[in-house]
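Colleague: I am new to this one. Please show me how to read its features, step by step.

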Amino acid sequence: MDLNRLTGGLIQSVGDAVGELGGLFGDPVVRLGVTGLSRAGKTVFITSLVANLLDRGRMPQLRAEAEHRILAAYLQPQPDHTIPRFAYEDHLAALTGPDPRWPESTRSISTLRLSLRVTPTGMMRGIGGPKVVHLDIVDYPGEWLLDLPLMNESFEEWSRAAIAIARTPARAPHSAAWLARLAATEPAARALAADFTAYLAAARAAGLSSVAPGRFLMPGDLEGSPALTFSPLDRPARRAADSLWRAFEQRFEAYKRVVVAPFFRNHFARLDRQVVLIDALGAIHDGPRAVEDLRAAMAEILACFRPGPRSWLAPILGRRIDRILFAATKADHLHHSQHGKLAAIAQALVKDARARAEFTGAATQALSIASLRATVEATVIRDGREIDVVRGRLEGSGEEAALFPGNLPEDPAAILSPARQGVEDWSDAAYRVTRFAPPLLAGAGGGLPHIRLDRAAEFLIGDRLG
Ligand SMILES: Nc1nc2c(ncn2[C@@H]2O[C@H](COP(=O)(O)OP(=O)(O)OP(=O)(O)O)[C@@H](O)[C@H]2O)c(=O)[nH]1
Ligand SMILES: [Mg+2]
């Protein structure tokens, strides 16, 4: 027997096993969920975060970077082949080309793996040499989280609540056609579902946020599918004989089973960290009702992170999300003297839910950020007074303009209280939103310009880079 060959073979196979284990279990993975309602800024956030992690010249507040402990950062083939890859290169090319454009709206979930080779801190520093940390970023529509309550509801309960909401003053202008069809003697299934979807879309276009079921507006690859062809119904006198009721009830149950449950089980339940992007400025611009609706939607979204013991989600939540960042986006619309006020509004918007998450042990933070800074600050003299403005290129014309968007109140209650009371318009000067084009970067290098993206990254993943 050739002892040498035998032991050599053994050592070889042990080495292979260790190598495999290293890949499977050794390298830590951080799964970061990025969510927010449509147009909140998810795609721009991820694109800029990745660009700024690959080229870290603008990330001084990321501690591992400041301490020169990040040795390399690189994109990897994604580990999850059941969902599309986040189209990083396309989005970056749109933002940084000669004629910069904001990325196309995305309609579904996607993911990207970025790996960082870092020098560990503390005790581990001298022992094992550099380690690799995989950051799996998952982009998914916040609207999908609004579906969680459905899991604990019957079709009858859901219908009753949805019809009551549709009759509220904020929604009545948008829901009238659907409610009228609902009252007809024998409404057609397709037309009812189409009117219901059109109502949700109109409510969303008017700035309202709570628009469940989430897939009706964000169908992903389910567009036109029977699982989305239903609508709430008034309870008929004799349910057994009512075929429309039975058909919609079955579709509602199918929607829960094949659409909602797999998303929560396969994706949501596996996240470690979460950033919730909030377009608070957009909602303020749209008026008090939009702000109140955003608050309600945030409460529903945040309930998903800490479901009560009787929630359908509680038993399947494998990991525990232990850090949640609430980020008010597009802060570059404001002079920095107002950034603190914007963060305070974001914080107030999610206060109830935050208190609950903190209670059960997740660390939370509220920040105002700009993923891609499209403006510079300036001060202009108007009628002998100095006014702090921001200057940027207007979307569409590309013309340079200096703008004063309005003054946010010192106390967030000045925004949130009227919103809660259901008033229709702000009594004093409204806040104006102007759409700026992305900045002309012309191959400047060094990551993308941003506001506090490095602080956001430090909060979300900094501790895992140690
Ligand atoms: N000025 C400025 N505008 C931003 C910023 N981030 C996003 N925006 C604006 O917000 C819009 C939406 O941003 P996206 O990143 O596409 O938002 P999203 O959440 O991915 O949107 P959907 O994919 O439609 O759900 C952009 O087209 C920009 O007009 C930012 O940092 N600064
Ligand atoms: Mg997007």
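Modeller: Start with pairing: two strands pair if DSSP finds at least two bridges between them. Helices (H or I, at least four residues) and strands (E, at least two) are DSSP runs, numbered from the N terminus. Here, Gly392 stands opposite Ala401 in β10. Strand β9 (residues 385-393) pairs with β10 in the antiparallel sense, over four bridges.

Colleague: What should I know about the model and its numbering?

Modeller: This is a predicted model: local features need pLDDT of at least 70, side-chain atom pairs count only at pLDDT 80 or more, and totals for chains, interfaces and linings use all residues. Residues are numbered from 1 along each chain as its sequence is written, while chains are lettered from A and ligands numbered from 1 in the order in which they are written.

Colleague: Which strands stand at the edges of the sheet?

Modeller: The sheet is open, with three strands in the order β8-β9-β10 and antiparallel pairing. β8 (375-382) and β10 (400-403) are at the edges; each has a single partner strand, so one side of each is left without a neighbour in the sheet.

Colleague: How do helices α2 and α4 cross?

Modeller: Axes are lines fitted to C-alpha atoms, for helices over the stretch in contact; angles run from 0 to 180 degrees between N-to-C directions. The axes of α2 (residues 42-54) and α4 (residues 88-96) come within 10 Å and cross at roughly 95°.

Colleague: Which residues of α2 and α4 make the contact?

Modeller: Contact means C-beta atoms, placed from the backbone, within 7 Å. α2 brings Thr43, Thr47, Val50 and Ala51; α4 brings Tyr88, His91, Leu92 and Leu95.

Methods:
Two residues are in contact if their C-beta atoms, placed from the backbone, lie within 7 Å.
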